[in-house]
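Subject: Handover of a structure and notes on it

Dear colleague,

Please find below the structure that I am handing over to you. My notes follow it.

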Amino acid sequence: MSAAFELLDDIVRSGAQRFPDRPAVLRTTSAGGYGFRYVELDSVVESAAAALRAEGLRPGERVMLSLAGSPEWVVAFFAILRAGLIAVPILADTPGTALDSMAALTGARALVARKRTTPQSATRAGLCEIAIDRLLGATHAPGNAPVGCSGAATALLAFTSGSTARPRAVELTHASLLANLDALLRVRRVGPEDALLSMLPPAHLFELMAGLLAPLACGARVVYAGPPLPNRLIDALGRDRITHALTVPALLHALYEEVLEGMADGSGPRQRADLAQSVRRIESLRADELDELRAEVRELVGQTFRVLCVGGAAVDPLMARLLTPLGIGVEVGYGLSEASPIVSLGLASECPPGSVGRPLPGVEVRIDERAEIHVRGANVMRGYWGDPATGAEALAGGWLHTGDLGRLDDDGFLFVTGRLKEVMVTAAGETLHPEELEPYYASPLFAEHCVVPLKGNQGNDVPTLVIVPARKELTSQELQDAFVRLRASAPARCRVTSLVRLAAPLPRTALGKLRRRVLAEELSAEKEAQA
Amino acid sequence: MKGEEVERLVRALLGELSRSDVSALGRDEDLVEHLGLDSLQGLSFLAAVEKRFQVRFPDELLAALRSVGALVEGIQSARKEPVA
């Protein structure tokens with residue numbers, strides 16, 4: 001299918017021919033909405049591209065895109081590409097200082113945003129700011145000037161989430177993104193009747209690929225329902241006859257609580273029920289009782305919703321066991337910006353527990369002697385923009401060194417077990433991963449918990465449990481007692497020696513991924529200052 | 001409910017959710033900056049405020065609800081509107 005596409009914006013051009021009158025992108029609210037049909041989208045992209053050229057922007061120049069997910073975002077993104085420019089999508093709420101450093105790193109010439117941001121910021125970064133309304137209202141005659149772009153040209157620079165390191169700009173070509181799209185469509189297709197609800201920022205490549213490019217390549221519609229508050233999203237599922245959505249574990253949990261609350265006065269599970277308890281309850285239901293519960297859930301999430309794809313971080317296998325019997329399939333997967341981004345995918349009910357599915361067709365995966373996951377294929381990045389040395393290191397030997405640890409089982413299922421850079425080496429010389437320790441330290445007294453390595457005296461790591469108390473009245477003694485009990489019941493190699501109490505929530509990326517290294521560095525610095 | 005009462009409840013909820021002391025927080029201080037909330041946490045907080053006060057803020061207003069004062073005003077004006 002996408003073999004027909006040479007450039008990313010061909011998806012829109014082809015959509016205008018194949019599905020002209022079908023809705024392509026929509027913004028909906030309880031009061032109504034607006035959007036573009038495929039033929040309209042193509043035409044508005046064409047005039048917006050002409051408007052960008054009229055700003056004096058030349059092919060190959062970088063244009064930052066800082067908008068929330070919306071039909072406007074989609075127009076701006078494809079217009080940037082159609083004008084032969086390189087898109088640099090960033091989160092809509094990126095603070096001015098971060099925006100400036102991203103602009104400096106990518107050498108961006110322009111910024112497309114809702115309206116002019118602070119004048120100082122724009123001047124400082126030397127950016128030409130273009131309000132999205134100006135692009136949408138453009139009446140430029142289509143340029144028709146071929147931009148001389150080929151699939152090998154760079155299409156976008158994607159900032160990595162920075163959960164473990166300083167953000168880097170991953171350079172992806174039209175061809176690498178289209179290779180990933182092609183691989184994805186070979187195993188998962190949606191149809192023109194399907195509707196995807198966008199919950200995540202499209203600057204996130206997982207959302208861009210599976211939540212925008214894939215549905216548009218199939219004639220489906222993409223729905224933006226505004227700020228992703230759980231209640232708005234749940235309303236949109238039924239109202240907009242949504243069939244698919246992509247989410248991240250943190251948001252999935254919020255949605256789960258929202259649904260539970262909606263059912264709390266009926267016969268459904270009680271509010272804030274523990275996940276394991278809900279799973280046990282569902283699995284013990286008789287067929288007629290399960291039908292009744294399913295009907296009740298459908299009242300809330302609509303009749304059409306059937307696939308939830310979870311990315312960004314590991315999903316609790318219990319969540320899949322909870323949703324599958326309710327008729328909602330959970331897709332799990334693994335990916336990273338450097339791989340355009342999807343590496344593996346699988347329906348949780350068809351994968352061994354904890355697996356992230358099988359590699360996509362055409363995406364080779366191997367595990368090296370340190371257990372690091374390596375990826376090879378047409379989907380792999382060209383390098384890091386402005387940092388050829390780091391890029392060459394990541395691509396040494398023709399394989400992308402992901403920095404993630406994992407294993408492949410005999411049936412080809414991939415498991416991700418941790419981050420290479422987060423491996424802890426204890427004073428006893430033992431190698432441990434925070435992820436293998438953390439499950440032993442869950443307690444109702446802890447709102448959040450994680451394990452981080454603090455620096456020991458002999459250059460070793462001291463695995464340390466960091467907790468955020470569930471209630472601020474909890475005394476240190478109560479927390480310490482809970483910790484001691486958990487440690488005693490953990491296997492010997494998983495016994496953490498020290499405990500740190502945090503008042504603030506754990507530091508996370510915009511999508512809820514734990515910033516473990518940042519936390520470890522902060523705590524180590526504090527410890528040093530106290531010593 | 002009077003403005004002071006709404007403000008007291010907003011502060012209590014904020015303190016509970018952020019697990020920090022917000023009594024000294026200025027009425028117009030930026031919550032996201034002050035409490036170091038990320039976008040997801042900010043939205044979860046707004047969702048909790050909506051639930052506690054049984055209101056629904058207009059979508060276009062959400063981005064502006066970044067201080068105790070703005071929240072109090074938002075809640076009071078949303079309470080005048082029927083809940084969507």
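How many residues does the contact take from chain B and from chain A? The contact takes 30 residues from chain A and 17 residues from chain B, where contact means heavy atoms within 4.5 Å.

Before the details, a word on conventions. This is a predicted model, in which local features need pLDDT of at least 70 and side-chain atom pairs count only at pLDDT 80 or more, while totals for chains, interfaces and linings use all residues. Residues are numbered from 1 along each chain as its sequence is written, chains are lettered from A and ligands numbered from 1 in the order in which they are written, and side-chain values use heavy atoms, with hydrogens and water left out.

The interface

The size of an interface is often given as the accessible area lost when the parts come together. Here chain B and chain A bury about 1,800 Å² between them, and 52% of it is on carbon and sulfur atoms. Buried area is the accessible area (1.4 Å probe) that two parts lose on being put together, summed over both.

Five salt bridges are found across the interface of chain B and chain A; a salt bridge is a side-chain nitrogen of Lys or Arg within 4 Å of a carboxyl oxygen of Asp or Glu. In one salt bridge, the side chains of B:Arg56 and A:Asp235 meet at 2.6 Å, N to O.

On the side of chain B that touches chain A, the elements that give two or more residues are helix 1 (3-18), helix 3 (39-53) and helix 4 (59-62) of chain B. Helix 3 of chain B gives the most, with eight residues. Helices (H or I, at least four residues) and strands (E, at least two) are DSSP runs, numbered from the N terminus. By class, this side of chain B has six charged, five polar and six nonpolar residues. Ala, Val, Leu, Ile, Met, Phe, Trp, Tyr, Cys and Pro count as nonpolar, Asp, Glu, Lys and Arg as charged, and the others, Gly among them, as polar.

Chain B

Chain B has five helices and zero strands. Of its 84 residues, 45% are buried, where buried means under 20% relative accessible area, exposed over 50%, and partly exposed in between (1.4 Å probe, protein chains only). Among contacts in chain B between residues at least 6 apart in sequence, 57% join residues at least 24 apart.

Strand 1 (residues 23-29) of chain A runs antiparallel to strand 2 (residues 32-37) of chain A, and six bridges join them. Two strands pair if DSSP finds at least two bridges between them. A hairpin of two residues connects strand 1 of chain A to strand 2 of chain A, and A:Pro23 has A:Arg37 as its bridge partner in strand 2. Strand 1 of chain A also pairs with strand 10 (residues 221-224) of chain A, in the parallel sense and over three bridges. There, A:Arg27 has A:Tyr224 as its bridge partner.

A:Pro227 is in the loop between strand 10 and helix 9 (230-239) of chain A. Not counting residues up to four places away in sequence, A:Pro227 touches A:Arg27 and A:Arg232, together with B:Leu43, B:Asp59 and B:Leu62. A:Pro227 counts as partly exposed because its relative accessibility is 22%.

Backbone features of chain A

The peptide bond from A:Ser340 to A:Pro341 is cis, with omega near -5°. A:Ser340 is in the loop between strand 13 and strand 14 of chain A, and its phi is near 70°, a positive value in a residue other than glycine. With a relative accessible area of 0%, A:Ser340 is buried.

A:Asn180, in helix 7 (residues 174-187) of chain A, is also buried, at 0% relative accessible area. Leaving aside neighbours within four places in sequence, A:Asn180 is in contact with residues including A:Ser340, A:Pro341 and A:Asn379.

A:Arg241 has a positive phi of about 45° although it is not a glycine. A:Arg241 is exposed, with a relative accessible area of 52%.

With kind regards
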